[in-house]
Amino acid sequence: MNEETEFELPQLYRHHVFACNTQRPPNHPHGSCGASGAPALWDRMGKAIETQGLTDVGFTVTGCLGFCNSGPLMVVYPDGVWYRATTPEDVDEIVDSHLKQGKRVDRLVMVLRRS
């Protein structure tokens with residue numbers, strides 16, 4: 001961009017969470033976040049964000065994020081932190097620590113690599 005076309009882009013959210021909810025059959029070779037319990041976890045996260053008034057946090061339930069056997073997965077931007085939450089308490093910890101305080105929850109971080 002040159003100086004004539006540069007402009008400030010507003011940031012709508014301090015954090016934006018994308019959470020996979022893809023549902024495949026239980027014995028599918030790729031697995032899926034939906035079959036691993038994601039729907040109840042994401043429902044809890046959405047309700048926590050809303051009830052705690054975190055208006056600066058966006059939450060989007062998505063299709064496949066590409067790492068099916070590792071789920072249920074979410075990614076928090078702009079940090080680019082991938083989490084695997086498997087219990088309601090994991091979701092609560094991510095909301096309280098990362099989304100509210102900006103502190104990464106290291107025990108739930110997934111380090112993913114493309115093969």
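I began with the outward face of helix 1: turned away from the buried side, it carries the exposed residues Ala40, Glu50 and Thr51. The model is a predicted one.

Next I looked up which residues of helix 1 are buried. They are Ala38, Leu41, Trp42, Met45, Ala48 and Ile49. These cover an arc of only 120° around the axis, so they sit on the same side of helix 1. I noted the general rule beside this: an α-helix has 3.6 residues a turn, so residues three or four places apart point the same way.

I then asked what covers the buried residues of helix 1. The cover includes strand 1 (15-20), strand 2 (57-62), strand 3 (73-77) and helix 2 (88-101).

I checked the length of helix 1 as well. Helix 1 runs over residues 38-51, and at 1.5 Å a residue its 14 residues should span 20 Å; the end C-alpha atoms are 20 Å apart, which agrees. Just after helix 1, I found Gly53 with a positive phi of about 65°.

I turned to the largest nonpolar core, which has 28 residues. Met45, Met74, Tyr83, Ile94 and Leu99 have the most contacts inside this core. Strand 1, helix 1, strand 3, strand 4 and helix 2 are the elements that give two or more residues to it. Helix 1 supplies the largest share, 6 residues.

I listed the contacts of Met74, leaving aside neighbours within four places in sequence. Among them are Trp42 and Met45, Val17, Phe18 and Ala19, and also Trp82, Tyr83 and Ile94.

I looked at Ser32 in the loop between strand 1 and helix 1. Is Ser32 buried or exposed? Its relative accessible area is 3%, under the 20% cut-off, so Ser32 counts as buried. The Ser32 side chain reaches the backbone nitrogen of Arg24 at 3.0 Å. Beyond four places in sequence, Ser32 is in contact with Thr22, Gln23, Arg24 and Cys68.

My last entry is Arg84, in strand 4 (residues 81-84). The side chain of Arg84 reaches the backbone oxygen of Ser70 at 2.9 Å. With neighbours within four places left aside, Arg84 is in contact with Ser70, Gly71, Pro72, Leu73, Asp90, Leu108 and Met110. I also took the C-alpha to C-alpha distance from Arg84 to Gly37: they are 11 Å apart in space and 47 residues apart in sequence.

Conventions
Residues are numbered from 1 along each chain as its sequence is written. This is a predicted model: local features need pLDDT of at least 70, side-chain atom pairs count only at pLDDT 80 or more; totals for chains, interfaces and linings use all residues. Side-chain values use heavy atoms; hydrogens and water are left out. Helices (H or I, at least four residues) and strands (E, at least two) are DSSP runs, numbered from the N terminus. Contact means heavy atoms within 4.5 Å. A polar contact is a pair of N or O atoms within 3.5 Å; within protein, one must be able to donate a hydrogen and the other to accept it, and residues adjacent in sequence count only if both atoms are side-chain atoms. The expected span of a helix is 1.5 Å times one less than its number of residues. Buried means under 20% relative accessible area, exposed over 50%, partly exposed in between (1.4 Å probe, protein chains only). The arc is that of the directions from the helix axis to the C-beta atoms. A nonpolar core is a set of buried Ala, Val, Leu, Ile, Met, Phe, Trp, Tyr and Cys residues joined through side-chain atoms within 4.5 Å.
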